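Please look at the sequence and the structure before reading on.

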Amino acid sequence: MSTTTDPSTMSDNPSSRGLSPRGVMVASVVGNTLEFYDFLVYGTIAALVFPVLFFPETGDPAIGVLLSLSTFAVGFFARPVGAAVFGHLGDRIGRRRALMATLVIMGVATILIGCLPVYGTIGIVAPVLLVLLRLVQGFAVGGEWGGAVLMVSENGDPKHAGRGTSFVQLGSPFGLLLANGAVLLTVTATTDEQFAAWGWRLPFIASAILLIVGIYIRLRLEETPAFKQLEAAGAVAKVPVADVFRQQWRALLLGMGATAVVFSGYYVFTIVSVTYLRQISADSSVVLIGLVVGSALSIPVILLTGRLSDRIGRRPIYFVGAAATAVWGFVFFPLLDTGSPFVIVAAVSVGILTWAIMYGAQGAFLPELFPQQLRYTGSSLAFQLTSALGGLVPVVCVALLAAFDTTLAIGVFVLLTAVLSFVAAWLSPETAPGKAAARD
(Lines give C-alpha, C1' and ligand atoms only; values in the text may rest on other atoms or scores of the structure.)
Protein backbone atom coordinates (compact mmCIF):
# COMPACT_ATOMS: atom_id res chain seq x y z
CA MET A 1 0.00 0.00 0.00
CA SER A 2 1.67 3.24 -1.12
CA THR A 3 1.62 6.38 0.96
CA THR A 4 -0.32 8.86 -1.14
CA THR A 5 -2.19 12.08 -0.93
CA ASP A 6 -5.72 11.75 -2.25
CA PRO A 7 -5.89 13.73 -5.52
CA SER A 8 -9.49 14.61 -4.78
CA THR A 9 -8.35 16.82 -1.93
CA MET A 10 -6.20 18.94 -4.22
CA SER A 11 -7.36 22.39 -5.21
CA ASP A 12 -8.45 22.77 -8.82
CA ASN A 13 -8.45 26.55 -8.81
CA PRO A 14 -5.56 28.59 -10.15
CA SER A 15 -3.48 30.79 -7.94
CA SER A 16 -4.94 34.25 -7.60
CA ARG A 17 -1.57 35.66 -8.59
CA GLY A 18 -0.98 33.34 -11.54
CA LEU A 19 -2.47 32.91 -14.99
CA SER A 20 -6.04 31.70 -15.41
CA PRO A 21 -6.48 28.01 -16.34
CA ARG A 22 -6.89 29.10 -19.97
CA GLY A 23 -3.70 31.17 -19.78
CA VAL A 24 -1.82 28.24 -18.26
CA MET A 25 -3.13 26.05 -21.06
CA VAL A 26 -1.93 28.46 -23.75
CA ALA A 27 1.48 28.79 -22.10
CA SER A 28 1.85 25.02 -21.85
CA VAL A 29 0.81 24.47 -25.47
CA VAL A 30 3.27 27.08 -26.75
CA GLY A 31 6.16 25.78 -24.67
CA ASN A 32 5.46 22.18 -25.60
CA THR A 33 5.20 23.13 -29.27
CA LEU A 34 8.61 24.78 -29.22
CA GLU A 35 10.23 21.73 -27.62
CA PHE A 36 8.66 19.35 -30.14
CA TYR A 37 9.72 21.60 -33.01
CA ASP A 38 13.32 21.46 -31.83
CA PHE A 39 13.25 17.70 -31.41
CA LEU A 40 11.34 16.78 -34.58
CA VAL A 41 13.12 19.02 -37.07
CA TYR A 42 16.17 16.84 -36.48
CA GLY A 43 14.43 13.66 -37.65
CA THR A 44 13.40 15.04 -41.03
CA ILE A 45 16.74 16.66 -41.82
CA ALA A 46 18.64 13.58 -40.58
CA ALA A 47 16.74 11.47 -43.10
CA LEU A 48 17.31 13.98 -45.93
CA VAL A 49 20.96 15.05 -45.78
CA PHE A 50 22.83 13.84 -42.68
CA PRO A 51 24.00 10.56 -44.32
CA VAL A 52 26.01 12.64 -46.81
CA LEU A 53 27.07 15.49 -44.51
CA PHE A 54 28.09 13.56 -41.39
CA PHE A 55 28.64 9.93 -42.54
CA PRO A 56 30.09 10.20 -46.08
CA GLU A 57 32.83 7.56 -45.88
CA THR A 58 30.86 4.46 -45.00
CA GLY A 59 31.26 3.04 -48.50
CA ASP A 60 27.61 1.94 -48.56
CA PRO A 61 24.71 4.43 -48.82
CA ALA A 62 22.46 2.08 -46.79
CA ILE A 63 24.94 2.11 -43.91
CA GLY A 64 25.05 5.90 -44.06
CA VAL A 65 21.27 5.99 -43.74
CA LEU A 66 21.34 3.58 -40.79
CA LEU A 67 24.01 5.64 -39.02
CA SER A 68 22.07 8.84 -39.60
CA LEU A 69 18.87 7.32 -38.23
CA SER A 70 20.87 5.93 -35.31
CA THR A 71 21.75 9.49 -34.29
CA PHE A 72 18.00 10.15 -34.35
CA ALA A 73 17.55 7.17 -32.00
CA VAL A 74 20.33 8.35 -29.67
CA GLY A 75 18.22 11.28 -28.56
CA PHE A 76 15.54 8.87 -27.40
CA PHE A 77 17.95 6.97 -25.17
CA ALA A 78 18.60 10.19 -23.25
CA ARG A 79 14.89 10.87 -22.75
CA PRO A 80 14.40 8.45 -19.81
CA VAL A 81 17.37 10.07 -18.09
CA GLY A 82 15.74 13.46 -18.57
CA ALA A 83 12.44 12.02 -17.33
CA ALA A 84 14.13 10.77 -14.16
CA VAL A 85 16.07 13.98 -13.50
CA PHE A 86 13.35 16.49 -14.32
CA GLY A 87 10.65 14.24 -12.86
CA HIS A 88 12.62 14.26 -9.61
CA LEU A 89 12.92 18.05 -9.76
CA GLY A 90 9.28 18.49 -10.73
CA ASP A 91 8.03 16.29 -7.88
CA ARG A 92 10.52 17.74 -5.39
CA ILE A 93 10.82 21.48 -6.10
CA GLY A 94 7.95 22.15 -8.49
CA ARG A 95 6.68 21.81 -12.05
CA ARG A 96 7.50 25.37 -13.14
CA ARG A 97 11.25 25.30 -12.49
CA ALA A 98 11.69 21.95 -14.20
CA LEU A 99 9.83 23.15 -17.29
CA MET A 100 11.94 26.30 -17.60
CA ALA A 101 15.13 24.23 -17.48
CA THR A 102 13.96 21.82 -20.20
CA LEU A 103 13.11 24.70 -22.54
CA VAL A 104 16.46 26.47 -22.25
CA ILE A 105 18.55 23.30 -22.57
CA MET A 106 16.63 22.14 -25.63
CA GLY A 107 16.79 25.51 -27.39
CA VAL A 108 20.54 25.94 -26.93
CA ALA A 109 21.29 22.39 -28.13
CA THR A 110 19.16 22.85 -31.25
CA ILE A 111 20.84 26.14 -32.20
CA LEU A 112 24.27 24.53 -31.78
CA ILE A 113 23.33 21.65 -34.13
CA GLY A 114 22.59 24.25 -36.79
CA CYS A 115 26.09 25.70 -36.31
CA LEU A 116 27.99 22.39 -36.45
CA PRO A 117 30.82 21.92 -38.98
CA VAL A 118 30.26 18.85 -41.16
CA TYR A 119 32.46 15.78 -41.69
CA GLY A 120 34.27 17.35 -44.67
CA THR A 121 35.45 20.19 -42.42
CA ILE A 122 36.49 18.55 -39.14
CA GLY A 123 36.28 14.83 -39.86
CA ILE A 124 35.13 12.33 -37.25
CA VAL A 125 34.65 15.10 -34.67
CA ALA A 126 31.55 16.25 -36.57
CA PRO A 127 29.40 13.13 -36.01
CA VAL A 128 30.69 12.88 -32.43
CA LEU A 129 29.49 16.43 -31.67
CA LEU A 130 26.22 15.68 -33.46
CA VAL A 131 25.59 12.67 -31.23
CA LEU A 132 26.44 14.63 -28.07
CA LEU A 133 24.03 17.45 -28.95
CA ARG A 134 21.35 14.93 -29.84
CA LEU A 135 21.81 13.41 -26.38
CA VAL A 136 21.32 16.84 -24.83
CA GLN A 137 18.15 17.32 -26.89
CA GLY A 138 16.79 13.99 -25.69
CA PHE A 139 17.68 14.78 -22.09
CA ALA A 140 15.73 18.04 -22.24
CA VAL A 141 12.63 16.74 -24.00
CA GLY A 142 12.50 13.84 -21.54
CA GLY A 143 11.30 16.20 -18.82
CA GLU A 144 9.00 18.36 -20.92
CA TRP A 145 5.87 16.33 -21.58
CA GLY A 146 5.08 15.24 -18.02
CA GLY A 147 5.47 18.75 -16.64
CA ALA A 148 3.40 20.36 -19.40
CA VAL A 149 0.36 18.10 -18.94
CA LEU A 150 0.53 18.43 -15.15
CA MET A 151 0.72 22.21 -15.39
CA VAL A 152 -2.69 22.14 -17.08
CA SER A 153 -4.37 19.27 -15.23
CA GLU A 154 -3.36 20.61 -11.80
CA ASN A 155 -4.76 24.02 -12.63
CA GLY A 156 -8.07 22.74 -13.93
CA ASP A 157 -11.11 20.62 -13.13
CA PRO A 158 -10.18 16.90 -12.92
CA LYS A 159 -13.54 16.05 -14.49
CA HIS A 160 -12.27 17.69 -17.67
CA ALA A 161 -8.65 16.56 -17.52
CA GLY A 162 -8.93 14.81 -20.89
CA ARG A 163 -10.19 17.95 -22.57
CA GLY A 164 -7.62 20.20 -20.88
CA THR A 165 -4.56 18.04 -21.47
CA SER A 166 -5.59 17.35 -25.06
CA PHE A 167 -4.72 20.98 -25.78
CA VAL A 168 -1.21 20.36 -24.43
CA GLN A 169 -1.01 17.33 -26.74
CA LEU A 170 -1.35 19.74 -29.64
CA GLY A 171 2.29 20.63 -29.02
CA SER A 172 3.29 17.56 -31.03
CA PRO A 173 1.30 18.27 -34.24
CA PHE A 174 2.00 22.00 -33.91
CA GLY A 175 5.70 21.20 -33.50
CA LEU A 176 5.58 18.83 -36.45
CA LEU A 177 3.80 21.46 -38.53
CA LEU A 178 6.43 24.03 -37.68
CA ALA A 179 9.34 21.62 -38.16
CA ASN A 180 8.25 20.14 -41.47
CA GLY A 181 6.85 23.47 -42.66
CA ALA A 182 10.25 25.04 -42.00
CA VAL A 183 12.07 22.21 -43.79
CA LEU A 184 9.61 22.24 -46.70
CA LEU A 185 9.96 26.01 -47.04
CA THR A 186 13.75 25.74 -47.00
CA VAL A 187 13.77 22.84 -49.49
CA THR A 188 11.56 24.70 -51.95
CA ALA A 189 13.48 27.98 -51.56
CA THR A 190 16.89 26.42 -52.24
CA THR A 191 18.43 24.12 -54.81
CA ASP A 192 19.57 20.65 -53.74
CA GLU A 193 23.15 21.93 -53.63
CA GLN A 194 22.24 24.96 -51.55
CA PHE A 195 20.18 22.91 -49.11
CA ALA A 196 23.04 20.46 -48.60
CA ALA A 197 25.59 23.29 -48.27
CA TRP A 198 23.81 25.62 -45.84
CA GLY A 199 20.01 25.48 -46.17
CA TRP A 200 19.65 22.58 -43.72
CA ARG A 201 21.02 24.80 -40.95
CA LEU A 202 18.24 27.39 -41.13
CA PRO A 203 15.44 25.42 -39.37
CA PHE A 204 17.82 24.73 -36.46
CA ILE A 205 19.09 28.28 -36.11
CA ALA A 206 15.52 29.63 -36.31
CA SER A 207 15.02 27.98 -32.91
CA ALA A 208 16.71 31.03 -31.36
CA ILE A 209 13.57 33.06 -32.04
CA LEU A 210 11.34 30.33 -30.63
CA LEU A 211 13.53 30.04 -27.54
CA ILE A 212 13.09 33.73 -26.70
CA VAL A 213 9.31 33.43 -27.11
CA GLY A 214 9.21 30.32 -24.94
CA ILE A 215 11.23 31.86 -22.11
CA TYR A 216 9.00 34.93 -22.06
CA ILE A 217 5.87 32.78 -21.82
CA ARG A 218 7.13 30.38 -19.17
CA LEU A 219 8.37 33.18 -16.95
CA ARG A 220 4.69 34.09 -16.50
CA LEU A 221 3.77 30.67 -15.11
CA GLU A 222 3.41 30.09 -11.39
CA GLU A 223 3.65 26.81 -9.50
CA THR A 224 0.49 24.69 -9.56
CA PRO A 225 -1.90 24.82 -6.58
CA ALA A 226 -1.75 21.03 -6.29
CA PHE A 227 2.01 21.02 -5.79
CA LYS A 228 1.78 23.91 -3.31
CA GLN A 229 -0.68 21.86 -1.27
CA LEU A 230 1.63 18.86 -1.38
CA GLU A 231 4.40 21.06 0.01
CA ALA A 232 2.14 22.51 2.71
CA ALA A 233 1.03 19.01 3.75
CA GLY A 234 4.61 17.73 3.86
CA ALA A 235 3.64 15.06 1.32
CA VAL A 236 6.35 15.78 -1.29
CA ALA A 237 8.17 12.56 -2.23
CA LYS A 238 11.80 12.46 -1.09
CA VAL A 239 13.11 10.14 -3.84
CA PRO A 240 10.38 10.05 -6.53
CA VAL A 241 12.23 7.75 -8.96
CA ALA A 242 12.83 5.10 -6.31
CA ASP A 243 9.23 5.39 -5.12
CA VAL A 244 7.91 4.86 -8.65
CA PHE A 245 9.97 1.71 -9.23
CA ARG A 246 9.30 0.35 -5.76
CA GLN A 247 5.63 1.28 -5.24
CA GLN A 248 4.22 1.96 -8.70
CA TRP A 249 6.02 -0.55 -10.92
CA ARG A 250 2.80 -2.09 -12.20
CA ALA A 251 1.40 1.30 -13.24
CA LEU A 252 4.73 2.05 -14.90
CA LEU A 253 4.68 -1.16 -16.95
CA LEU A 254 1.05 -0.68 -17.97
CA GLY A 255 1.70 2.91 -18.99
CA MET A 256 4.69 1.84 -21.08
CA GLY A 257 2.75 -0.95 -22.75
CA ALA A 258 -0.21 1.27 -23.57
CA THR A 259 2.14 3.78 -25.18
CA ALA A 260 4.03 1.27 -27.37
CA VAL A 261 1.96 1.59 -30.55
CA VAL A 262 1.72 5.36 -30.15
CA PHE A 263 5.45 5.56 -30.85
CA SER A 264 5.79 2.71 -33.34
CA GLY A 265 2.96 3.94 -35.56
CA TYR A 266 4.00 7.56 -35.37
CA TYR A 267 7.59 7.02 -36.45
CA VAL A 268 6.71 4.52 -39.15
CA PHE A 269 4.27 6.97 -40.71
CA THR A 270 6.55 10.01 -40.36
CA ILE A 271 10.28 9.13 -40.33
CA VAL A 272 10.42 5.65 -41.92
CA SER A 273 8.25 6.84 -44.80
CA VAL A 274 10.84 9.48 -45.78
CA THR A 275 13.66 6.92 -45.82
CA TYR A 276 11.58 4.34 -47.70
CA LEU A 277 10.62 6.73 -50.50
CA ARG A 278 14.25 7.71 -50.95
CA GLN A 279 15.18 4.04 -51.26
CA ILE A 280 12.62 3.44 -54.02
CA SER A 281 13.71 6.66 -55.77
CA ALA A 282 10.37 8.40 -55.19
CA ASP A 283 10.01 12.06 -54.29
CA SER A 284 10.49 12.01 -50.52
CA SER A 285 9.54 15.69 -50.25
CA VAL A 286 5.93 14.61 -50.87
CA VAL A 287 5.99 13.05 -47.40
CA LEU A 288 6.68 16.49 -45.96
CA ILE A 289 3.42 17.69 -47.48
CA GLY A 290 1.67 14.65 -46.03
CA LEU A 291 3.12 15.37 -42.61
CA VAL A 292 1.90 18.94 -42.72
CA VAL A 293 -1.58 17.92 -43.90
CA GLY A 294 -1.82 15.05 -41.43
CA SER A 295 -0.64 17.19 -38.53
CA ALA A 296 -3.23 19.83 -39.33
CA LEU A 297 -6.00 17.23 -39.55
CA SER A 298 -4.88 15.59 -36.31
CA ILE A 299 -5.60 18.73 -34.29
CA PRO A 300 -9.41 18.31 -34.17
CA VAL A 301 -9.01 14.54 -33.68
CA ILE A 302 -6.79 15.04 -30.62
CA LEU A 303 -9.23 17.55 -29.14
CA LEU A 304 -12.19 15.28 -29.85
CA THR A 305 -10.69 12.12 -28.35
CA GLY A 306 -9.44 14.05 -25.33
CA ARG A 307 -12.97 15.27 -24.70
CA LEU A 308 -14.44 11.84 -25.40
CA SER A 309 -12.07 10.24 -22.90
CA ASP A 310 -13.74 12.31 -20.16
CA ARG A 311 -17.15 10.97 -21.18
CA ILE A 312 -16.57 7.32 -22.13
CA GLY A 313 -13.20 6.64 -20.47
CA ARG A 314 -9.54 6.57 -21.48
CA ARG A 315 -9.32 2.84 -22.25
CA PRO A 316 -11.89 2.67 -25.08
CA ILE A 317 -9.99 5.42 -26.91
CA TYR A 318 -6.82 3.33 -26.73
CA PHE A 319 -8.63 0.24 -28.03
CA VAL A 320 -9.85 2.07 -31.12
CA GLY A 321 -6.53 3.79 -31.79
CA ALA A 322 -4.46 0.62 -31.46
CA ALA A 323 -6.75 -1.28 -33.83
CA ALA A 324 -6.70 1.50 -36.43
CA THR A 325 -2.89 1.78 -36.31
CA ALA A 326 -2.48 -1.99 -36.71
CA VAL A 327 -4.65 -2.04 -39.84
CA TRP A 328 -2.95 0.99 -41.39
CA GLY A 329 0.49 -0.52 -40.80
CA PHE A 330 -0.31 -3.09 -43.52
CA VAL A 331 -2.03 -0.65 -45.89
CA PHE A 332 0.55 2.13 -45.64
CA PHE A 333 3.51 0.93 -47.71
CA PRO A 334 1.52 -0.46 -50.67
CA LEU A 335 0.03 3.02 -50.96
CA LEU A 336 3.52 4.57 -50.94
CA ASP A 337 4.56 2.13 -53.67
CA THR A 338 2.03 3.68 -56.05
CA GLY A 339 4.30 6.71 -56.35
CA SER A 340 1.24 8.95 -56.67
CA PRO A 341 1.79 12.21 -54.77
CA PHE A 342 -1.89 12.42 -53.86
CA VAL A 343 -1.99 8.82 -52.57
CA ILE A 344 1.24 9.29 -50.59
CA VAL A 345 -0.08 12.45 -48.93
CA ALA A 346 -3.33 10.66 -48.08
CA ALA A 347 -1.49 7.61 -46.70
CA VAL A 348 0.75 9.68 -44.42
CA SER A 349 -2.16 11.85 -43.29
CA VAL A 350 -4.36 8.91 -42.31
CA GLY A 351 -1.42 7.28 -40.52
CA ILE A 352 -0.99 10.37 -38.37
CA LEU A 353 -4.73 10.39 -37.62
CA THR A 354 -4.59 6.83 -36.23
CA TRP A 355 -1.86 8.01 -33.86
CA ALA A 356 -3.86 11.09 -32.90
CA ILE A 357 -6.76 8.99 -31.60
CA MET A 358 -4.69 7.67 -28.69
CA TYR A 359 -2.59 10.79 -28.26
CA GLY A 360 -5.66 12.86 -27.40
CA ALA A 361 -6.36 10.75 -24.30
CA GLN A 362 -2.75 10.13 -23.31
CA GLY A 363 -2.16 13.44 -21.53
CA ALA A 364 -4.78 12.56 -18.93
CA PHE A 365 -4.39 8.78 -18.87
CA LEU A 366 -0.70 8.34 -18.03
CA PRO A 367 -0.51 10.83 -15.11
CA GLU A 368 -3.74 9.45 -13.63
CA LEU A 369 -2.13 6.02 -13.28
CA PHE A 370 0.10 7.46 -10.52
CA PRO A 371 -0.57 9.16 -7.15
CA GLN A 372 -0.31 12.96 -7.09
CA GLN A 373 3.15 13.25 -5.52
CA LEU A 374 4.69 10.88 -8.11
CA ARG A 375 2.87 12.02 -11.22
CA TYR A 376 5.64 14.04 -12.84
CA THR A 377 8.16 11.22 -12.42
CA GLY A 378 5.78 8.33 -13.06
CA SER A 379 4.10 9.68 -16.19
CA SER A 380 7.39 10.99 -17.60
CA LEU A 381 9.13 7.64 -17.13
CA ALA A 382 6.22 5.69 -18.64
CA PHE A 383 6.21 7.98 -21.65
CA GLN A 384 9.97 8.35 -22.10
CA LEU A 385 11.10 4.78 -21.40
CA THR A 386 8.79 3.71 -24.20
CA SER A 387 10.03 6.56 -26.36
CA ALA A 388 13.59 5.28 -25.94
CA LEU A 389 12.49 2.06 -27.58
CA GLY A 390 10.40 4.05 -30.05
CA GLY A 391 13.53 5.85 -31.18
CA LEU A 392 14.76 2.52 -32.52
CA VAL A 393 11.70 2.13 -34.75
CA PRO A 394 13.31 3.71 -37.87
CA VAL A 395 16.44 1.57 -37.44
CA VAL A 396 14.42 -1.60 -36.81
CA CYS A 397 12.20 -0.97 -39.84
CA VAL A 398 15.15 -0.35 -42.18
CA ALA A 399 16.78 -3.53 -40.87
CA LEU A 400 13.54 -5.53 -41.32
CA LEU A 401 13.21 -4.26 -44.86
CA ALA A 402 16.79 -5.24 -45.65
CA ALA A 403 16.42 -8.67 -44.06
CA PHE A 404 13.05 -9.71 -45.51
CA ASP A 405 12.87 -7.47 -48.60
CA THR A 406 9.18 -6.80 -47.99
CA THR A 407 7.27 -4.06 -46.20
CA LEU A 408 4.97 -6.76 -44.81
CA ALA A 409 7.60 -7.27 -42.10
CA ILE A 410 7.09 -3.66 -40.98
CA GLY A 411 3.34 -4.18 -40.91
CA VAL A 412 3.78 -7.20 -38.63
CA PHE A 413 6.04 -5.14 -36.37
CA VAL A 414 3.38 -2.42 -36.02
CA LEU A 415 0.74 -5.10 -35.37
CA LEU A 416 2.76 -6.58 -32.50
CA THR A 417 3.12 -3.20 -30.80
CA ALA A 418 -0.62 -2.57 -31.28
CA VAL A 419 -1.45 -5.88 -29.57
CA LEU A 420 0.85 -4.94 -26.68
CA SER A 421 -0.89 -1.56 -26.27
CA PHE A 422 -4.35 -3.12 -26.49
CA VAL A 423 -3.55 -5.66 -23.76
CA ALA A 424 -1.90 -3.05 -21.52
CA ALA A 425 -4.91 -0.74 -21.82
CA TRP A 426 -7.21 -3.68 -21.07
CA LEU A 427 -5.29 -4.48 -17.88
CA SER A 428 -5.09 -0.84 -16.78
CA PRO A 429 -7.63 0.71 -14.42
CA GLU A 430 -10.06 3.17 -15.94
CA THR A 431 -8.89 6.54 -14.63
CA ALA A 432 -11.52 8.94 -15.99
CA PRO A 433 -13.42 10.65 -13.12
CA GLY A 434 -16.70 8.91 -12.44
CA LYS A 435 -15.38 5.74 -14.07
CA ALA A 436 -12.13 5.28 -12.17
CA ALA A 437 -11.72 2.26 -9.96
CA ALA A 438 -10.15 2.68 -6.54
CA ARG A 439 -6.38 2.83 -6.81
CA ASP A 440 -4.00 1.38 -4.24
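Which residues in α1 meet which residues in α7? On the side of α1 they are Val 24, Met 25, Ser 28, Gly 31, Asn 32 and Glu 35, and on the side of α7 they are Glu 144, Trp 145, Ala 148, Met 151 and Val 152; contact means heavy atoms within 4.5 Å. By class, the contact of α1 with α7 has six nonpolar, three polar and two charged residues. Ala, Val, Leu, Ile, Met, Phe, Trp, Tyr, Cys and Pro count as nonpolar, Asp, Glu, Lys and Arg as charged, and the others, Gly among them, as polar.

The model is predicted, local features need pLDDT of at least 70, side-chain atom pairs count only at pLDDT 80 or more, and totals for chains, interfaces and linings use all residues. Residues are numbered from 1 along each chain as its sequence is written, and side-chain values use heavy atoms, with hydrogens and water left out.

Helix α1 spans residues 21–48 and helix α7 residues 144–153; they pack at an angle of about 170°, with their axes 9 Å apart. Axes are lines fitted to C-alpha atoms, for helices over the stretch in contact, and angles run from 0 to 180 degrees between N-to-C directions. The angle therefore makes α1 roughly antiparallel to α7 (over 145 degrees).

The protein as a whole is summarised below.

| Property | Value |
|---|---|
| Secondary structure of the protein | 21 helices and zero strands |
| Box filled by the C-alpha atoms, along the principal axes | roughly 60 × 40 × 35 Å |
| Residues that count as buried (under 20% relative accessible area, 1.4 Å probe, protein chains only) | 59% of 440 residues |

Helices are DSSP runs of H or I with at least four residues, strands are runs of E with at least two, and both are numbered from the N terminus.

Terms used:
Parallel < 35°, antiparallel > 145°, perpendicular 65-115°, else oblique. Buried < 20%, exposed > 50% of the residue type's maximum accessible area, 1.4 Å probe, protein only.
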